[in-house]
Amino acid sequence: MSDETKRDVNQAEFTEDGKYVRKIRSFVRREGRLTKRQSNALENLWSVYGLDHTNGILDISALKPDAKEVVLEIGFGMGKSLVEMAKSAPDTLYIGVEVHRPGVGACIAEADDEGVTNLKVFEFDAVEVLADCIPDESLDRVQLFFPDPWHKKKHHKRRIVKPEFIESIRQKLKVGGVFHMATDWENYSEHMLLEMSEAPGFTNLSDTGDFVPRPDHRPLTKFEQRGHRLGHGVWDLMFAKQ
Ligand SMILES: C[S@@+](CC[C@H](N)C(=O)[O-])C[C@H]1O[C@@H](n2cnc3c(N)ncnc32)[C@H](O)[C@@H]1O
């Protein structure tokens, strides 16, 4: 399949009457090979950790009836830092969403190794998971750490942080719930700040009206460590739902 055809498949979408519409997604599906550990985890542990988009709206209280908080992480990559966070906050239910299958396999293998039971994952587009599976006003925090920056100007339309996405996050957060973003791409941090400042219904938690220091609950992620090695800065943004 040519790259162009692959891109079309990634962007294809059909309405109920079969009409083709082009959908711009924040990712291009990569056919990464699964390691044995990842494929074993997907096969044997999906019934423990996996959530399926086709099941529709989640009954969050059934997933962890005693959860004190519910956190959704979008684009967790290989999931190492997500598992670390879940392990250090056992009273919190973490729901991860990632489209990269090897990452999903790696995450649940790691969760199992670490004995983590307060974590569930979707292997699906987070935009659709938000729309179809997450109940309104159910989340205490949404985390978006190091989303693909889509550096080139002609690709900026693929950036996940845009008004419709921000509004869907607002709908899913509880009042006072926090949308926490981090990026190592300065131009994307400015874009996030602008879009969030213009979005209705949020208060910036920064004392300086822009960025916040990295909070203790966010471990260094794989991408961040790479960014540090390349000499990049890191910008955290936290906005509370009014
Ligand atoms: C640059 S990586 C960062 C991974 C991780 N957060 C970290 O800091 O190491 C961005 C991740 O977001 C995922 N992603 C992009 N768009 C997504 C979407 N719409 N739904 C779910 N995952 C998405 C990609 O597959 C990729 O793994």
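## A look around Glu-98 and the sheet

Glu-98 touches Gly-75, Phe-76, Gly-77, Gly-103, Val-104, Val-121 and Glu-123, leaving out residues up to four places away in sequence. Keep in mind that this is a predicted model. Glu-98 lies in strand E5, and it is buried because 25 other C-beta atoms sit within 10 Å, where 20 or more are enough.

**The annotated spot**

UniProt, in an unreviewed entry, puts the feature "binding site" at Glu-73, Glu-98, Asp-125 and Asp-148. These positions span 76 residues in sequence, yet no two of their C-alpha atoms are more than 14.3 Å apart, so they gather at one spot.

Let's turn to Glu-73. Its place is in strand E4. Is Glu-73 buried or exposed? It counts as buried, because it has 26 C-beta neighbours inside 10 Å. If you set aside neighbours within four places in sequence, Glu-73 is in contact with Leu-82, Tyr-94, Gly-96 and Gln-143. Gly-96 also turns up as the bridge partner of Glu-73 in E5.

**Around the ligand**

There are 22 residues around the ligand, and Gly-75, Gly-77, Ala-126, Phe-146 and Thr-221 come nearest. Gly-75 and Gly-77 are also among the residues that Glu-98 touches. Sorted by class, the shell has twelve nonpolar, six polar and four charged residues. Which elements each supply at least two residues of that shell? They are strand E5 (92-98), helix H6 (126-132) and helix H9 (222-229).

**The sheet**

Now step back to the strands. Eight of them form an open sheet in the order E3-E6-E5-E4-E7-E8-E10-E9, and the pairing is mixed. Strand E3 (50-51) and strand E9 (202-204) stand at the edges with a single partner strand each, so one side of each is left without a neighbour in the sheet.

| Strand pair | Sense | Bridges | A bridge pair |
|---|---|---|---|
| E4 and E5 | parallel | six bridges | Glu-69 with Thr-92 |
| E8 (residues 173-183) and E10 (residues 235-241) | antiparallel | six bridges | Val-178 with Ala-240 |

Both strands of the E4 and E5 pair are mostly covered. In E4, five of its six residues are buried, and in E5 it's six of its seven.

**Helices on the sheet**

What does helix H4 (residues 80-88) touch as it packs on the sheet? It touches strand E4 (69-74), E5 and strand E6 (119-123), and its direction makes about 170 degrees with that of E5. The buried residues in H4 are Ser-81, Leu-82, Val-83, Met-85 and Ala-86. They pack against E4, E5, H5 and E6. Leu-82 ties back to the annotated spot, as one of the contacts of Glu-73.

Helix H5 (residues 101-113) lies across E5 and E6, and it runs at about 165 degrees to E6.

Strand E5 is a handy place to start when you explore the model. It carries Glu-98, it runs parallel to E4, and it supplies at least two residues of the shell around the ligand. H4 touches it, and H5 lies across it.

Methods
Residues numbered from 1 in each chain as written. Predicted model: local features only at pLDDT ≥ 70, side-chain atom pairs only at ≥ 80, totals over all residues. Near = placed C-beta within 6 Å. Helix = DSSP H or I, 4+ residues; strand = E, 2+ residues; numbered from the N terminus. Nonpolar A, V, L, I, M, F, W, Y, C, P; charged D, E, K, R; others polar. Pairing = 2+ DSSP bridges. Contact = placed C-beta atoms within 7 Å. Axes fitted to C-alpha atoms, helices over the stretch in contact; angles between N-to-C directions. UniProt positions renumbered as here; feature names shortened; annotations may be inferred. Buried ≥ 20, exposed ≤ 12 C-beta atoms within 10 Å, placed from the backbone.
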